[in-house]
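The report below describes a single protein chain and its ligand, going from the overall fold to the helices, the ligand shell and the backbone geometry. Please keep the sequence and the model in view while reading.

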Amino acid sequence: MLPFDQSKRNCFQRCICDGDLVIVYERHDNMKAIKVTNGSEFQNRFGVFKHSDWIGKSFGCKVLSNKGGFVYLLAPTPELWTLVLSHRTQILYIADISFVVTYLEIVPGCLVLESGTGSGSLTTSLARAVAPSGHVHTFDFHEQRAALARDDFEKNGMSSLITVSVRDIQGEGFPEEFCGAADSVFLDLPQPWLALPSVARMLKQDGIVCSFSPCIEQVQRSCETLRSNFTDIRTFEILLRTYEIREERLRVDDDSKGSPVGSLPRKRRQSEENYGSTEKPSSIMARPCRETKGHTGYLTFARLECN
Ligand SMILES: C[S@@+](CC[C@H](N)C(=O)[O-])C[C@H]1O[C@@H](n2cnc3c(N)ncnc32)[C@H](O)[C@@H]1O
């Protein structure tokens, strides 16, 4: 997951080895994380794929099944991990994650505190952002979730950058050993305002907190508490619109579906048909996806007030 670290096994400028994690990509909505094991096979509707055929190939390569079907073997980046991990809780997705990492100003070497860990979707991206010299300490009060997250970080190669602990952060706050040491803190908790006095003690001067809440009432309550120790309090809702891109044959008489981006104007379409070609022209169409996700939650950021 750390493509820039040439000294580590998990640099992707090398070939796939026995024991590596790869993302087997069929389509953008059909991917699976698989550990490459010499002697094992992967099977899908396109046939049987031998892992031994994958060893020695480059990340990103296309590999064939016994029936001539194919999949791609992608490097397991945090962005793809978010799409393939097993959901034990609600998770953060790329639009929110990228904004959180940027707005929290997380760079290599940072010390980041997080609670709750949940399924570890955000944690994996936080870890990649602080690597190679920083660290993420993540806390969840649910023992089994914490243990499964630890297993996942072993699996995806991020465990040296992440420490998972079991702790009730709303009840006890973050451990005092991190007092004044955190560059940033991220909360995804049902009652984040209970943890905010502890967050204020953990942050370095000028440090930033972010709290993710699905409901605006939680945001309002958090903001009230933030006002006593924090400044520059700002709330964002990240809305992402994805587009479906595909090649389509044009129908000159069909205006009933409206005009997707990329369709040809009626006049031009007709004149192209009049050239006498028996083939209908085709064009690349771009339409907003119907199932685009809307609201995920609100992200509230605030900076610790300097004394
Ligand atoms: C929605 S999940 C977090 C998902 C995570 N952000 C991700 O992207 O995978 C919320 C987590 O907070 C944990 N949690 C709830 N209350 C807590 C508390 N008081 N202290 C610590 N963790 C808590 C839950 O067990 C749950 O795993």
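The protein chain has nine helices and 15 strands, where helices (H or I, at least four residues) and strands (E, at least two) are DSSP runs numbered from the N terminus. This is a predicted model, in which local features need pLDDT of at least 70 and side-chain atom pairs count only at pLDDT 80 or more, while totals for chains, interfaces and linings use all residues. Residues are numbered from 1 along each chain as its sequence is written.

**Burial and cores**

Of the 307 residues in the protein chain, 32% are buried; a residue is called buried if 20 or more other C-beta atoms lie within 10 Å of its own, exposed if 12 or fewer, and partly exposed in between, with C-beta atoms placed from the backbone. Two residues are in contact if their C-beta atoms, placed from the backbone, lie within 7 Å. Among the contacts in the protein chain with a separation of 6 or more, 64% are between residues 24 or more positions apart.

The largest nonpolar core has 50 residues, and those with the most contacts inside it are V112, L126, V130, V185 and C210; such a core is a set of buried Ala, Val, Leu, Ile, Met, Phe, Trp, Tyr and Cys residues joined through C-beta atoms within 7 Å. Another core, of 12 residues, lies apart from it and has V22, I34, V36 and V71 among its members. In soluble globular proteins, nonpolar side chains tend to be buried together. Not counting residues up to four places away in sequence, C210 touches V100, Y103, L104, F186, L299, T300 and F301.

Y25, in strand β1 (residues 21-27), is partly exposed because it has 18 C-beta neighbours inside 10 Å. Leaving out residues up to four places away in sequence, Y25 touches M31, V71, Y72 and L74.

In helix α3 (residues 94-103), the buried residues are D96, I97, V100 and V101. These residues lie on the same side of α3 because they cover an arc of only 125 degrees around the axis, the arc being that of the directions from the helix axis to the C-beta atoms. They pack against α2 (78-84), α4, β10 (182-187), β11 (203-213) and β15 (298-304).

In helix α8 (residues 216-226), Q218, V219, S222 and L226 are buried. Their arc around the axis is only 100 degrees, so they too are on the same side of α8. The cover over the buried residues of α8 includes α7, β11, β12 (230-236) and β15, whereas the face turned away from the buried side carries the exposed residues I216, E217 and E224.

**The ligand shell and the annotated site**

The ligand is surrounded by 23 residues, of which the closest are G116, G118, S121, H142 and Q170; a residue is counted here if its C-beta atom, placed from the backbone, lies within 6 Å of the ligand. The elements that give two or more residues to this shell are α4 (121-130), β8 (135-140) and α6 (169-172).

An unreviewed UniProt entry lists S119, G120, S121, L122, D140, D168 and D188 under "binding site"; its positions are given in the numbering used here, feature names are shortened, and annotations may be inferred rather than shown by experiment. L122 is placed in helix α4 and counts as buried because it has 26 C-beta neighbours inside 10 Å. Its contacts, leaving aside neighbours within four places in sequence, are L92, I97, V100, E114 and F186. D188 lies in the loop between β10 and α7 (196-202) and, with 25 C-beta neighbours inside 10 Å, is buried. Not counting residues up to four places away in sequence, D188 touches G116, G118 and F212.

**Backbone geometry**

Most residues other than glycine have a negative phi, and most peptide bonds are trans. The table gives departures from this pattern.

| Site | Feature | Angle |
|---|---|---|
| S115 to G116 | cis peptide bond | omega near -10 degrees |
| A131 and P132 | cis peptide bond | omega about 5 degrees |
| E105 | positive phi | near 60 degrees |
| D206 | positive phi | about 80 degrees |
| D232 | positive phi | near 50 degrees |

G116 lies in the loop between β7 (111-115) and α4, and P132 in the loop between α4 and β8. D206 belongs to strand β11 and is exposed, with 11 other C-beta atoms within 10 Å. D232 belongs to strand β12 and is likewise exposed, with 11 other C-beta atoms within 10 Å.
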